[in-house]
Number of protein chains: 2
Amino acid sequence: MTHTRTRLDRGRNALGPALELVHTGRAPTRAVLTTELGVTRATAGAVAGELQTLGLITVDSRPSAAPGSQGRPSHRLAIADNGPVALAAQVHADGFRAALVGLGGRIVATAPGCMTVDADPAQVLGEVVAAAAALLRDSGRRCIGAGLAVPSAVAEPDGTALNPLHLAWPAGAPVREIFTTCLAEAGVTAPGFCGNDVNLAALAEHRHGAGQGAQHLLCVATGHRGVGGALVLDGRLHTGSAGLALEVGHLTVDPQGRPCHCGSRGCLDVETDPLALLEAAGRTPDPAGSLLDQAHHLLRADYATDPAARAATDTVIDRLGLGLAGLVNILNPDRIILGGLHRRLLEADPDRLRAVVEERSLWGRSGSVPILPCTLDHNSLVGAAELAWQPVLDDPLAALAA
Amino acid sequence: MTHTRTRLDRGRNALGPALELVHTGRAPTRAVLTTELGVTRATAGAVAGELQTLGLITVDSRPSAAPGSQGRPSHRLAIADNGPVALAAQVHADGFRAALVGLGGRIVATAPGCMTVDADPAQVLGEVVAAAAALLRDSGRRCIGAGLAVPSAVAEPDGTALNPLHLAWPAGAPVREIFTTCLAEAGVTAPGFCGNDVNLAALAEHRHGAGQGAQHLLCVATGHRGVGGALVLDGRLHTGSAGLALEVGHLTVDPQGRPCHCGSRGCLDVETDPLALLEAAGRTPDPAGSLLDQAHHLLRADYATDPAARAATDTVIDRLGLGLAGLVNILNPDRIILGGLHRRLLEADPDRLRAVVEERSLWGRSGSVPILPCTLDHNSLVGAAELAWQPVLDDPLAALAA
DNA sequence: CGCAGTTTGTTTATCGGAGGCACAAAGCAA
DNA sequence: TTGCTTTGTGCCTCCGATAAACAAACTGCG
């Protein structure tokens, strides 16, 4: 009896890694896929065929415009136009947002977010899930999962929000549970995940933005209030043993600084957030408007002309640099990405921030860590979608079979 | 033509994981090996047989004294008595030490260490390697590699010591290179590795000591001077992108504290090392003797009787707790192990230290991280051997074929 | 235009490393 | 002694990959 193989007998184990390469834009052609996966052309071909039959990618046999190349041109691998999507949602201090995100971190559709947030998590999540579900129905696409970004540490593995104080939600709110029930009520039969917004932004930047290729990526960002941090190690989010890692807001950056609710004083949280910048510049913040917007305006409009604004900015940059240097000494990252107000501070005076970090970190070499602004729009939202895509990236056949 | 399989066709991929289980004491029998590896009994049997023919383990078919068990008793897997060893060496402020370490972290032989350390790395390493090579010749065993522990950050991947100031060595000394040439001169044809002593101690404690089973293990320890830290994530040492992570000595634990050579003041390094404890208690340290020994004596003999000693101890414990809490907020470990003087401080008043850490870490849950003293003798030495054993654990056949 | 050279995609045979299963072995309990 | 349970081993099969040969598509050159 000879071996008669009819169905796919190759590329099963390489399917996940291959999809991840396509997802992160590192596999433009089958030939690249072959070398990146370290498999034979036969296997890579089978993998690409399987991803095609799964409806995830398309193989474009038109000549790929490669000018100076020899040999037979490789077919282009492209993300399928009508492939499945992840449902992404974000809740922050000033409202919420919803979107559909396809493979490759592509935002396919967005819903205009409401600008008020209720104190009841179930109420808010019900609204945002309803908005997302409407997008999904309109698109007619298949949904592979749903992700939610919240401005709070999220405990693993129970999925509770530990300090959602910027939302006025109760501490310990079972966010994942509420999210999944809202999904079920909206008729979305897909698994739900949730995570901290800065963590998810870091994940998105690592896969699709300024963090690509970094082995040890540190992200620090302000939201509207407070400071968050995240670490991506070898492509995986490091959230610590219980999801509480990188709570960097309470590093001391000024021993004589203003008191913080944590009991200490001069914490990164209260010294480098929008309110700190405004107060340092002698402005009385308008409580009706967004503090983040007011701080941005200060940096854009007044930085060049107003000496007080410039001095305040310099002080806040120095504090941020001190905090980053402390993190560099502990984590030794190979890249740092800043978001929110911190990104604007970096852009206002990149040399000053880099000099402070270099001076205060112990080793010259680690002091010269690249510090970059984040590059993705809505990176928390894209990161929330990454959470939902992860099972598909891990095992496409199993995740898409259901 | 039928399938005729003569040689080993099973357990090739499971060989490394199986050896690691034996190495860490988690595979007492073949039956346990089967469940731990998640393979069939046939595969586990083949793996055990292969490890036996490699001379690494022995299979003892005498009934294992299991009292209340039913069914056929499983054969015991034991580490071979005359198996290969790793050559381990440690250099510290007061001298050096050498040993042979077998599988399972067992110290097979030790050399009495010299008590003076020359300022020339090549001189010191030549002596310690000579001592180790003598041990190796006497034992008649096979050597699978050599590891060296130094009290300095070691840069990856070049293997240079960045701050060996406690040895009065030049910063940036190419320690690994010197070590391997010394090995070659001593006639040891085995690969040489080196690492930071606290990092290696953490690795040893994770595999064979108080850190077993921890997913996110944080170690903090004093040597004779200064403070070091280490993080073991999922069984692997986390040394950062360039080997410089966990330089925890310069966390601020007292803004009004004594000045540190790093330029700041009140660093963990100068506030919780042996000298700090002695000075806080009003003692004038004897520069001729070991500061660590004098601090130990203070804790053992004077703590219960001398109010000044007690007050000084409490202060230093509080400072240490503050530093640990900062690390807990950033790293969220699930276990903390303390070594050197810090271990003694923990043992002097465990409740006080735990209370400080819990109070100053942001989340009650992460505040209740278990804090334990280290349990292994010579853990840096055993850790250095782990470095040498690692290639064998990763791929026993390839590493032992050469 | 035709041909050599280069790189890519596909087909077929084969191989390596595991799982499945039946059976034997070694203990305990009745 | 007879069951019952658990462990160790041999034989077959299956899955997922490699290897090698071949076909296809393009460049460059005479």
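Helices (H or I, at least four residues) and strands (E, at least two) are DSSP runs, numbered from the N terminus. The model is predicted: local features need pLDDT of at least 70, side-chain atom pairs count only at pLDDT 80 or more, and totals for chains, interfaces and linings use all residues. Residues are numbered from 1 along each chain as its sequence is written, while chains are lettered from A and ligands numbered from 1 in the order in which they are written.

View 1. Helix α1(B) spans residues 15-23 and is mostly covered, with seven of its nine residues buried (20 or more other C-beta atoms, placed from the backbone, within 10 Å of the residue's own). Those buried are B:L15, B:A18, B:L19, B:E20, B:L21, B:V22 and B:H23. Their cover includes α2, α3, β1, β2, α14 and α15 of chain B. Just after the helix, B:G25 takes a positive phi of about 75 degrees.

**View 2. Chain B against chain A.** Here 26 residues of chain B are in contact with 26 residues of chain A (C-beta atoms, placed from the backbone, within 7 Å). On the chain B side, α10 (307-331) and α13 (364-367) each give two or more residues. Helix α10(B) gives the most, three residues.

**View 3. The surface near DNA strand C.** Elements giving two or more residues are α2 and α3 of chain A, together with α3 of chain B. The largest share, three residues, comes from α3(A).

How values were computed: Two residues are in contact if their C-beta atoms, placed from the backbone, lie within 7 Å. A residue is buried if 20 or more other C-beta atoms lie within 10 Å of its own, exposed if 12 or fewer, and partly exposed in between; C-beta atoms are placed from the backbone.
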